[in-house]
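Here is a short tour of one protein model. Take a look at the sequence and the coordinates, and then we can go through a few features together.

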Amino acid sequence: MSSPAHTEYPDKIDGAVLKIAGVVVLGAIMSILDITVVNVALPELQTTFTGVDDPLPYSTVAWTVTAYTLALATVIPLTGWAADRFGTKRLYMLALGLFTIGSVLCAAATSINLLILFRVIQGLGGGLLMPLGMTIMTKAAGPARMGRLMAILGIPMLLGPIGGPILGGWLIDTVSWHWIFLINLPLGLGALAYAWWALPKDAPEPSESFDFVGMLLMSPGLAAFLYGISSIPDEGSFFAPKVIGFAGLGTALIIAFVFYSFKPEHPLLDLRLFKNRNLTWSVVTMFIFAGAFFGGLLLVPTYLQTVRGEGALDAGLLVAPQGIGAMLTMPIAGALADKFPVGRIVPVGLAIITGGMFALTQVDGDTSYWGYLIPVLFVMGLGMGATMMPLMTSALRTLTAHQVARGSTLLNITQQVASSIGVAIISVVLTNGLKNDALVSQATAFGEASKANPNDPSLLQQFPLVGEILGRFGNDVAAGQAALQSAVQNAMGEVFGNTFLVAAIMVSFTLVSAAFLPRKHEESHLLDEDDASEVAPPVVLH
């Protein structure tokens, strides 16, 4: 049977594709925006259920993020089979409904435990939204326009990091924390109505049996591994019993799955795809990039709030130039990826990001925003827009339609695992750096002791570095405190600079693996002769 794809799909992104793209982008915005909005709300949630005088530990409220991520990761491997079994439109609307219901339940939560439980429901819906959306979009657009399609689907990836902190900060400051979840109710209802109207009906034709053994190995293994890794910042060590226990159990289950996955005809994850050179090097590059970049991305808003004293809203606005830079290059890179080999596009973007990350190693306690930080973030955004979408296009372009469904899952899981590892590494480096800095640790301890015993004259002897700074100003208490604050701010800024160096070194390794990406133009194999009726999805990062 010959493929009609080349005659059916116009070269340009037409109105029919844009109508369906609206559904997918709206659902993706809900899923991705929710992650960044909740990150901003964590300090507020510490006192929401217990009061200001008895705040919950940060490690407890962080479960609202961890639970969502674990649910997301657990459901990803099931998406391909479920779409084949129940149909993409029906399953996509179910995912929208599940996410919306979970959001309303979160807003109504009366305890932190209930909030964590309802976040799991949200995560189950959110985990289905993205890969299902990609399936729908690729069927509508066809493989020849995949690069430009990726650029369109990059919109929610950018709106999440840009809009999340801004929206979250504004809602918390002006209304209440409940609205960071309630905002999804009108969005969800609108998306459901839009999806019912815009998405074409599809008749599911189940063709593959479900891999129950693979699911029992892979999903719990992935969840246990990510939970162990996400516990590293709180435990303060990579070798803490909690980390070793859960990450070790997860690793053992995943290894067992690797050996098992070559036996069934249709495994949950098809590791045979690594025979494809382009997919292999794209996955390796994506793993290194996601770990380094998303770990480093965490540092900027933390620096702005911790060192510079900015609020959540102002920190979000200051980070926005990075997203603006990516918006400028993403459509260009998407168009180029349809015409040129990605091995000539991605290394340029990675080089720009690496240079920007090394530039951030120079931040200190009073780095100029407009004179240094904002231009650097903007340049890094330019590199980000030229990297992520072409990289994923490279991974999927030379696979057949049946293979791309599995390749999408591999990329999703790679990104989830890598970003969790990257965030854990960067968090531990930063936490230990602040803890090991003599002035920062003494100033923190001095502040706590002063609250308990404000008139104790022995405190200056207990904390000599603090005493030395305050002693220079004699009885001028205000001047002494200002000098101490400035000194601590500079010391913390240096710690952040050193942590950015670790992230910069990590991201520089991507230049090695990117050198193996294809540098010659290769035809897309998404529509082989045997697969003319199917088009499987690309993937967008969560």
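## About the model

This is a predicted model, where local features need pLDDT of at least 70, side-chain atom pairs count only at pLDDT 80 or more, and totals for chains, interfaces and linings use all residues. Residues are numbered from 1 along each chain as its sequence is written, and side-chain values use heavy atoms, with hydrogens and water left out.

## A helix pair

Helix α14 spans residues 277–306 and helix α17 residues 369–385; they pack at an angle of about 155°, with their axes 13 Å apart. Helices here are DSSP runs (H or I, at least four residues), numbered from the N terminus. Axes are lines fitted to C-alpha atoms over the stretch in contact, and angles run from 0 to 180 degrees between N-to-C directions.

## A buried proline

P267 sits in the loop between α13 (241–260) and α14. With a relative accessible area of 2%, P267 is buried (under 20%; exposed is over 50%, partly exposed in between, with a 1.4 Å probe and protein chains only). M215 is 52 residues from P267 along the chain, and their C-alpha atoms are separated by 9.1 Å.

## A charged pair

R472 forms a salt bridge with E468, with 3.5 Å between the closest N and O atoms. The term requires a side-chain nitrogen of Lys or Arg within 4 Å of a carboxyl oxygen of Asp or Glu. R472 is exposed at 59% relative accessible area, while E468 is partly exposed at 46%.

Definitions and conventions
Helices (H or I, at least four residues) and strands (E, at least two) are DSSP runs, numbered from the N terminus.
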